[in-house]
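These are my notebook entries on a structure that I had not examined before. I set down what I looked up, entry by entry.

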Amino acid sequence: MSSPSVTPPASVSELLRAFPVVLAPMEDVTDAVFRRICRGVGAELCVTEFVHAQHMVARTSLARRKALLAPDDQPTAIQIYGPDPAMLMQAAEIAAEARPAFIDINCGCWVPRVARKGAGAAWLRDPAAMVEMARRVVAAAGMPVTVKTRIGLGPESHMPIIDLARRLEDVGVAALTIHCRTAHMGHTGVADWAWARRAREVVSIPVVVNGDVRTADDVARALDETGCAGVMIGRGAIDHPWVFREARARLAGAPVVPPTDAERAALYRAILRANVAARGERAGVPVTRRHLAVLGPAWARAVRPSLFAATTVAEVDDVLGEGRARPAGGPPAPTGDATMEF
Ligand SMILES: Cc1cc2nc3c(=O)[nH]c(=O)nc-3n(C[C@H](O)[C@H](O)[C@H](O)COP(=O)(O)O)c2cc1C
């Protein structure tokens with residue numbers, strides 16, 4: 001008698017084939033609220049903010065919040081980081097309990113509080129140790145494990161990423177995301193996608209190219225120039241979450257339709273309300289300011305001072321033109337048509 005069929009989880013390759021544009025992990029940004037917002041405008045595969053392995057193992061409330069995946073929050077990968085392989089192995093086992101799409105190991109964060117302690121991009125100082133750590137995490141996780149890293153520490157004459165890609169594939173890493181800058185570059189300079197292409201050429205696991213992909217045209221160009229299985233978008237999605245919808249259209253050969261002003265206002269209000277529901281008004285109003293750019297450059301510039309002064313939902317609504325203080329020259333108040341369900 002055959003057992004009832006259960007659909008196996010999609011592999012990383014299948015997820016990227018379904019839609020190759022991934023929302024990047026971003027601390028204090030890609031929480032459950034923002035992942036939902038991005039999926040409302042076309043995103044599919046998302047990655048959580050990074051979670052410190054030690055916090056995961058101690059099951060702190062912060063780690064639990066970051067790694068909690070609601071049933072409709074799929075496909076989402078959980079990203080972990082830390083300097084200690086044994087701790088990362090345990091963290092991966094715990095992360096797997098949340099049934100993420102896969103587990104991603106951060107080997108690319110250049111921020112001193114992370115890298116100085118041997119985590120993130122510090123793994124690039126010792127590629128052999130990084131590969132051995134990845135091998136152990138793969139063995140412990142019981143599910144696909146991916147690595148997100150940079151092309152090298154900088155300024156090596158030849159970046160280690162090509163050799164690393166091969167070796168990470170050899171130890172069972174399921175996919176590799178390459179932020180095409182060195183660690184020393186931080187977020188400065190231009191991401192050199194050619195390194196993702198070179199790495200892709202030497203492995204058969206999916207490679208995801210990351211860095212400076214901001215528009216639907218960038219998505220098409222990055223896929224075209226690198227032949228990678230996917231692209232990952234970070235800052236571009238903070239400012240313009242519609243990039244996912246626009247990339248879908250662009251890849252399907254359909255016209256790319258930018259958001260209307262009413263959609264822009266509706267999305268800002270949706271992010272605000274979701275943040276307030278998740279964190280309370282006192283924290284939810286200020287964290288939403290990070291997304292000021294969704295209003296579009298001209299309007300964002302005009303309302304910036306008043307939006308940064310606003311501390312309540314009502315005040316923000318006023319600034320956006322919902323109430324008394326509708327800004328001169330701002331877009332019309334959102335109509336019912338533009339109300340978005342997130
Ligand atoms: C605010 C912020 C937070 C970030 N947090 C993380 C993180 O938690 N894990 C990670 O791997 N990368 C993190 N990154 C890096 C992004 O995932 C991405 O690699 C980088 O921003 C380059 O892509 P972009 O040019 O599309 O922004 C962060 C970036 C930003 C701007």
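Entry 1, the ligand shell. I looked up which elements line the ligand in this predicted model. Strand 2, residues 46-52, supplies at least two residues of the shell, and so does helix 11, residues 235-239. I then asked which residues around the ligand come nearest. They are Ala 24, Met 26, Phe 50, Gly 234 and Arg 235, out of 21 residues around the ligand. I also sorted the shell by class and found eight nonpolar, eight polar and five charged residues.

Entry 2, the domains. I noted that the chain is divided into domain 1, residues 12-251, and domain 2, residues 261-338. Taken over C-alpha atoms, the centres of domain 1 and domain 2 are separated by 30 Å. How many residues of each domain are in contact with the other? I recorded eight from domain 1 and ten from domain 2.

I next looked at the side of domain 1 that touches domain 2. Helix 2, residues 32-40, and helix 11 each supply at least two residues of that side. The largest share, three residues, comes from helix 2. By class, I listed the residues of this side of domain 1 as five nonpolar, one polar and two charged.

I turned to helix 13, residues 261-279, and helix 14, residues 281-288. Two packed helices are described by the angle between their axes and the distance between the axes, and I looked up both values. The angle is about 145°, and the axes of helix 13 and helix 14 are 7 Å apart. Is their crossing left-handed or right-handed? I recorded the crossing of helix 13 and helix 14 as right-handed.

For the residues that meet, I listed Ile 271, Leu 272, Asn 275, Val 276, Ala 278 and Arg 279 on the side of helix 13. On the side of helix 14 I listed Glu 281, Ala 283, Gly 284, Val 285, Val 287 and Thr 288. By class, this contact has seven nonpolar, three polar and two charged residues.

I counted 16 helices and eight strands in the chain. The radius of gyration is 21 Å, close to the 20 Å that the globule rule gives for 342 residues, so the chain is as compact as a globular protein of that length. Along the principal axes, the C-alpha atoms fill a box of roughly 60 × 55 × 40 Å.

How values were computed
Residues numbered from 1 in each chain as written. Predicted model: local features only at pLDDT ≥ 70, side-chain atom pairs only at ≥ 80, totals over all residues. Near = placed C-beta within 6 Å. Helix = DSSP H or I, 4+ residues; strand = E, 2+ residues; numbered from the N terminus. Nonpolar A, V, L, I, M, F, W, Y, C, P; charged D, E, K, R; others polar. Axes fitted to C-alpha atoms, helices over the stretch in contact; angles between N-to-C directions. Left-handed = near helix turned anticlockwise from the far one by under 90°. Contact = placed C-beta atoms within 7 Å. Domains from an automatic or database assignment. Rg over C-alpha atoms; globule rule 2.2 N^0.38 Å.
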